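Please read these notes with the model open beside you. Find each residue before you move on to the next point.

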Amino acid sequence: MNTEIANETEDEVDLDEVVALTEYLGEALHMHPGAELSVTMVDEAAMSELHVTWMDLEGPTDVMSFPMDQLSQGRADAPTEGQMGDIIICPAVAAKQAAAAGHSTMDEILLLTVHGFLHLLGYDHGEPEEREAMFALQRHLLLTFFAARYDGRTDIPTPTEV
């Protein structure tokens, strides 16, 4: 998976962790190693502009996805090739949501990355059945990423050490 990543904000974002996640998602969802993805962090003003332009909704949102080749999840014997598209994330909105949910901004950004990635593959949550399926897969992918990424390490700070 080829991920182009940019942070156009003043916010601290661990871009290496986001890229590690997109690589994990590419493998887990059977994307061809040459599949292309762009992830960009933007400020609230830029996200508000995108939100109005593309969704006709006022104010910033957390994540938006812009598919390119209308791809779907691949299979182990037939990985999906092509340009996935763009995921746009607003770290400022993510920080507010993270505070309300009781976890870190980076965890929220990773959650939004998975969410945006799934949208690029045609997943949606407009109907209750779709929502249940998408959110279950989103949760599974994020948890298995964390399990694989941290693989029994004990040097990860606990919430009381942070």
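1. Ground rules. This is a predicted model, where local features need pLDDT of at least 70, side-chain atom pairs count only at pLDDT 80 or more, and totals for chains, interfaces and linings use all residues. Residues are numbered from 1 along each chain as its sequence is written, and side-chain values use heavy atoms, with hydrogens and water left out.

2. The annotated site. An unreviewed UniProt entry gives the feature "binding site" at His-115, His-119 and His-125. UniProt positions follow the numbering used here, feature names are shortened, and annotations may be inferred rather than shown by experiment. From this set, His-115, His-119 and His-125 belong to the lining of the largest pocket. On a 1 Å grid over the protein atoms alone, a pocket is an open set of points with protein on both sides within 12 Å along at least five of seven lines, and lining residues have an atom within 4 Å of a point.

3. His-115. Look in helix α4, residues 105-120. Helices here are DSSP runs of H or I with at least four residues, strands are runs of E with at least two, and both are numbered from the N terminus. Is His-115 buried or exposed? His-115 counts as buried because its relative accessibility is 12%. Buried means under 20% relative accessible area, exposed means over 50%, and partly exposed is in between (1.4 Å probe, protein chains only). Beyond neighbours within four places in sequence, the contacts of His-115 are Val-63, His-125, Met-134, Phe-135 and Gln-138. A contact means heavy atoms within 4.5 Å.

4. His-125. This residue sits in the loop between α4 and α5 (128-150). With a relative accessible area of 27%, His-125 is partly exposed. Which side chain does the side chain of His-125 meet in a polar contact? The partner is the side chain of His-115, at 3.2 Å. A polar contact is a pair of N or O atoms within 3.5 Å; within protein, one must be able to donate a hydrogen and the other to accept it, and residues adjacent in sequence count only if both atoms are side-chain atoms. Leaving out residues up to four places away in sequence, His-125 also touches others, including Glu-130 and Arg-131.

5. Aromatic residues. The whole structure holds three aromatic pairs. Phe-145 and Phe-146 form a tilted pair, because their ring centres are 5.8 Å apart and their planes are at 50°. Rings of Phe, Tyr and Trp (its six-membered ring) pair if their centres lie within 6.5 Å; planes under 30 degrees apart count as stacked, over 60 as edge-to-face and the rest as tilted. Phe-145 is buried at 3%, while Phe-146 is partly exposed at 21%.

6. Two positive phi values. Most residues other than glycine have a negative phi. His-30 has a positive phi, near 60°, and lies in the loop between α1 (15-28) and β2 (36-41). Asp-56 has a positive phi too, near 55°. Asp-56 lies in the loop between α2 (44-55) and β3 (63-67). His-30 is partly exposed at 28%, whereas Asp-56 is exposed at 68%.

7. Thr-113. This residue is in helix α4. Thr-113 counts as buried, at 0% relative accessibility. Its side chain reaches the backbone oxygen of Ile-109 at 2.8 Å. Not counting residues up to four places away in sequence, Thr-113 touches Val-18, Leu-21, Thr-22, Ile-87 and Ile-89.

How values were computed. 1 Å grid on protein atoms, 1.4 Å probe; cavity = no way out; pocket = protein on both sides within 12 Å on 5 of 7 lines; lining within 4 Å.
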